[in-house]
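Please read this briefing alongside the sequence and the coordinates. It is arranged by topic, so that each group of points can be checked against the structure in turn.

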Amino acid sequence: MSAMLRNGWEQLMAQRWLMPVLIAVGFVLAFAIPEYNLFNKYVQLVMMYVGINIILTVSLNLVNGYMGEFSLAHAGFMAVGAYTAALLTQKVLPIAAYPGLFPLAVLAGGLVAALLGLIVAIPSFKVRGDYLAIITLAFLMIVKSVIENIDFIGGPRGIPGIKKLTTLPWVFFWVVVSVWVVRNFVYSHYGRGVLAIREDEIASDLMSVNTRRVKFLAFMVSSFFAGIAGGLFAHLLQFISPRVFDIIKTTDVLIMVYLGGIASIGGSILGATLYTVLLELLRPSTVAAMLAWLPAVVFDPLNEYFIRHLGVWRMVIMPLALVLVMLYWPRGIMGLREFRWFIPKRDLDAHHRPTTPGGSHGTAHDH
Amino acid sequence: MALLTTTRVRHYFGGLCAVSDFNLELRSGELVGIIGPNGAGKTTVFNLITGVYQASEGSIRLRDVELVGKTPHQITALRVGRTFQNIRLFRDLTVLDNVRIAHYAQVRYSPLEALLHLGRYPREEQRIIENSRRLLSIFKLEHLVGEIAKNLPYGLQRRLEIARALAIDPELLLLDEPAAGMNPNEIDQLMAFIQWIRREFKLTILLIEHQMKLVMGICERIKVLDFGETLAEGPPEAIQKNPKVLEAYLGEGAVG
């Protein structure tokens, strides 16, 4: 039975037409769900957060997974994208008259984040490993304090009352774009360069890979989509402040990357979905409801000291989860593996053995 | 005209002079060996030529182009390929990707075309795949295209490393101890193999080797290094009889 299932699954995965069909169905659903309220508002909201987190995870995976660096700056680029997009819709663009300008604001957020990504990349990629982590952490802190000190954009109070412009179709659109672009990048000679750098940077350089260029490109693509996610996030939450984009936000994305598995787009999608849903289930009311069967003598103190303060406990639980995943499950759900759908047909075919067994070429030298 | 000319190249690690006054003229099509005891500076010479280290003094020219000051990928793109003393494959990547990566400098599509998989992308990718598979089939590795490099037996990893170096389409190939870890029978095969790739790919080869059988058997000229200094240079027969070389290898007093 399980063999049959596996066989069926394999066959399904080999169907190249399935991907475009799934995307089309996804778009129809993305429009239909809010239109006909197929799910309640809360579920719709969670779906949008799942989408935003997929964008964040896929893009961070490019640097932390495929390239094997450890960037902590993702929440910083997200903040830049969020503030850029929010300022545009609040103060610059006549969004009330032309709501169709919203994607432009999001795109601008992504572009500013990418530009900043390039600037951060210059000092960051002079170093590797721990030092890169420290530089990107410093950048994250700089972004936070710069925003806190500019009164024009609300300082530490943030920007309240942002219009709710993020919709399910827009989130779905950007998820498709980010997954497609990151996948295209990975399956190009730049992407192979990124993988080579993770394996052995000096050897890649000696195999003609322009390592600097490859790293900069990867970092820019990564920060671009972090900015996009930020813009969507701002217009969903309707309130942003520097505190929203602190190290905890980066930690969340890191957990999703390592949970889903490094160097895997499919893994990033699974990791982001699983983690976002789990986090929603960990809300005090949900947990209290789930544990209500416990005897009062256990439940009451648990509720008093733990469940009601889950928001604070999260700051302990989540970093701990990151450490545990990295130690005991370094490959995550599907680290270094990929759904066949995401692999271009040309690449799949190229890895097939020749049909005529070994040495099909008469010129082959015997050695 | 010489393909590679190094003039009075010197390199220091801190206060230690690892290579001093290294002069070499390599004519197109030659096969030259560098020998010397461990720590003589042989691999450092390779690292200086390929830009891993920047020479402290002197000049390294490929035809008319000065290599000192260039980065490794710039030098590699000028058609200089190399292998490593300790195999340095991309261990977790497939055999095919190991060879494809070395095509980086030959790929002609822009980042935008890469992000959209449009324009020159499909044609160029197809070309790289075909060339990689052609190389792998020449090296009898084609049936292993999808294997992860680290799973290959040692001998095949060595072969894959040479295939990868040739994917650069080099004019000058630097082989760092190609016979390391091989038995006499395998060394015989390797000698024939090096001669064959040299003809087939029209290569100029500079190799470092400890196996005297290989060096004496195929090199047209040999350069002997000791403590960073050139001890002797000449055809194999002359090197074999050179008293200074014998002394360095066998110790003082060994020579009558």
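In the predicted complex, 45 residues of chain B are in contact with 38 residues of chain A.

**Confidence**
- The average pLDDT of chain B is 93, and 97% of the residues of chain B score at least 70.
- Within chain B, confidence is highest in helix α3 (residues 95–101), with a mean of 98, and lowest in helix α10 (residues 243–250) of chain B, where the mean is 80.

**Interface between the chains**
- The 45 residues of chain B that are in contact with chain A include at least two from each of α2 (72–77), α3, α4 (111–116), α5 (121–138) and α7 (184–200) of chain B.
- Helix α5(B) gives the most to this side of chain B, with six residues.
- By class, the residues on the side of chain B that touches chain A are 23 nonpolar, 12 polar and 10 charged.

**Helix α10 of chain A**
- Helix α10(A), residues 211–237, has 27 residues and spans 38 Å from its first C-alpha to its last, which is close to the 39 Å expected at 1.5 Å a residue.
- This helix is mostly covered, since 22 of the 27 residues of α10(A) are buried.
- Just after α10(A), Gln238(A) adopts a positive phi of about 65°.

**Packing of α11 against α15 in chain A**
- The axes of α11(A) (residues 247–260) and α15(A) (residues 310–328) come within 9 Å and cross at roughly 30°, and the crossing is left-handed.
- Among the residues that meet here are Ile248(A), Leu254(A), Ile255(A) and Tyr258(A) from α11(A), with Met315(A), Met318(A), Leu322(A) and Val325(A) among those from α15(A).
- The contact of α11(A) with α15(A) comprises 12 nonpolar residues, one polar and one charged.

- Ser208(A), which is not a glycine, has a positive phi near 80° and lies in the loop between α9 (201–206) and α10 of chain A.
- Ser208(A) is buried because 27 other C-beta atoms lie within 10 Å, where 20 or more are required.
- Phe227(B), also not a glycine, has a positive phi of about 50° and sits in the loop between β9 (221–226) and β10 (229–234) of chain B.
- Phe227(B) counts as partly exposed because it has 16 C-beta neighbours inside 10 Å.

Notes. Residues are numbered from 1 along each chain as its sequence is written. Chains are lettered from A and ligands numbered from 1 in the order in which they are written. This is a predicted model: local features need pLDDT of at least 70, side-chain atom pairs count only at pLDDT 80 or more; totals for chains, interfaces and linings use all residues. pLDDT is the predictor's confidence in each residue, from 0 to 100. Helices (H or I, at least four residues) and strands (E, at least two) are DSSP runs, numbered from the N terminus. The expected span of a helix is 1.5 Å times one less than its number of residues. A residue is buried if 20 or more other C-beta atoms lie within 10 Å of its own, exposed if 12 or fewer, and partly exposed in between; C-beta atoms are placed from the backbone. Two residues are in contact if their C-beta atoms, placed from the backbone, lie within 7 Å. Ala, Val, Leu, Ile, Met, Phe, Trp, Tyr, Cys and Pro count as nonpolar, Asp, Glu, Lys and Arg as charged, and the others, Gly among them, as polar. Axes are lines fitted to C-alpha atoms, for helices over the stretch in contact, and angles run from 0 to 180 degrees between N-to-C directions. A crossing is left-handed if the near helix is turned anticlockwise from the far one by less than a right angle, and right-handed if clockwise.
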